[in-house]
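Subject: Structure for you, with notes on charge pairs and a surface patch

Hello,

Here is the structure I promised to pass on. Please open it alongside this message; my notes follow below.

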Amino acid sequence: MLNSSPAAGILDRLSKASSAEDFFSLLGVDYDPKIVNVARLHILKRMGQYFAKEQFTGAAEPEIRARCKAMLEQAYSDFVASTPIDQRVFKVLKDAVAEPKKAAAFVPLSELK
């Protein structure tokens with residue numbers, strides 16, 4: 001588990017987390033291991049997307065913890081309700097359904113002067 005002191009702020013402790021399970025444990029969020037085993041990176045990526053929209057300046061530690069917990073709960077629930085393929089948080093999955101790009105016109109070298 002994590003070696004951070006209990007006095008360390010939650011953001012510091014989360015930055016040292018080494019697994020999805022650490023995030024759930026630190027924030028006290030219940031989860032189904034089967035869902036986390038399938039979607040762990042997707043859940044953390046989605047939490048990161050929510051996190052990027054947050055501003056914690058001036059917030060007290062209990063509020064920061066509560067907001068982080070809410071972000072993880074929301075990210076997790078996104079993948080309880082649907083699959084990583086449905087959510088497409090990673091570029092490779094988004095690109096898989098993107099409009100195909102027009103192929104560049106082929107000009108043989110013999111045509112160039």
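First, a cut-off for what comes next: buried means under 20% relative accessible area, exposed means over 50%, and partly exposed is in between. Also keep in mind that this is a predicted model.

**Salt bridges**

The structure contains five salt bridges. Here are some of them.

Start with aspartate 12 and lysine 16. Their side chains meet in a salt bridge, at 2.6 Å from N to O. Aspartate 12 has a relative accessible area of 34%, so it counts as partly exposed. Lysine 16 comes out at 46%, so it is partly exposed too.

Next, aspartate 78 and arginine 46. This pair also forms a salt bridge, with 2.8 Å between the closest N and O atoms. What does the pair tie together? Aspartate 78 sits in helix 4 (residues 61–81) and arginine 46 in helix 3 (residues 33–52), so the bridge ties together parts that lie 32 residues apart in sequence. Are these two side chains buried or exposed? Aspartate 78 is buried, at 11% relative accessible area. Arginine 46 is buried as well, at 10%.

Then glutamate 54 and arginine 67. Here the closest N and O atoms of the salt bridge are 2.6 Å apart. Glutamate 54 is in the loop between helix 3 and helix 4, while arginine 67 is in helix 4, so this pair ties together parts 13 residues apart in sequence. Glutamate 54 is partly exposed, with a relative accessible area of 30%. Arginine 67 is partly exposed at 22%.

That pair belongs to a wider group. Glu54, Glu63 and Arg67 are linked in a network of salt bridges.

As background, side chains of opposite charge can pair when their charged atoms come close.

**Nonpolar patch**

Which residues make the nonpolar patch? Val107, Leu109 and Leu112 do, and the patch covers about 330 Å². Valine 107 lies in the segment after helix 6 (91–95). At 46% relative accessibility, valine 107 is partly exposed.

**Where to look**

For a quick tour, go to the link between helix 3 and helix 4 made by arginine 46 and aspartate 78. Move on to the network of Glu54, Glu63 and Arg67. Finish at the patch of Val107, Leu109 and Leu112.

Best wishes

How values were computed: Residues numbered from 1 in each chain as written. Predicted model: local features only at pLDDT ≥ 70, side-chain atom pairs only at ≥ 80, totals over all residues. Heavy atoms only, no water. Salt bridge = Lys/Arg side-chain N within 4 Å of Asp/Glu carboxyl O. Buried < 20%, exposed > 50% of the residue type's maximum accessible area, 1.4 Å probe, protein only. Helix = DSSP H or I, 4+ residues; strand = E, 2+ residues; numbered from the N terminus. Patch = residues over 30% accessible without salt bridge, like charges linked within 9 Å, V, L, I, M, F, W, Y side chains within 5 Å. Areas by Shrake-Rupley, 256 points an atom, 1.4 Å probe, with all protein chains shown as cover.
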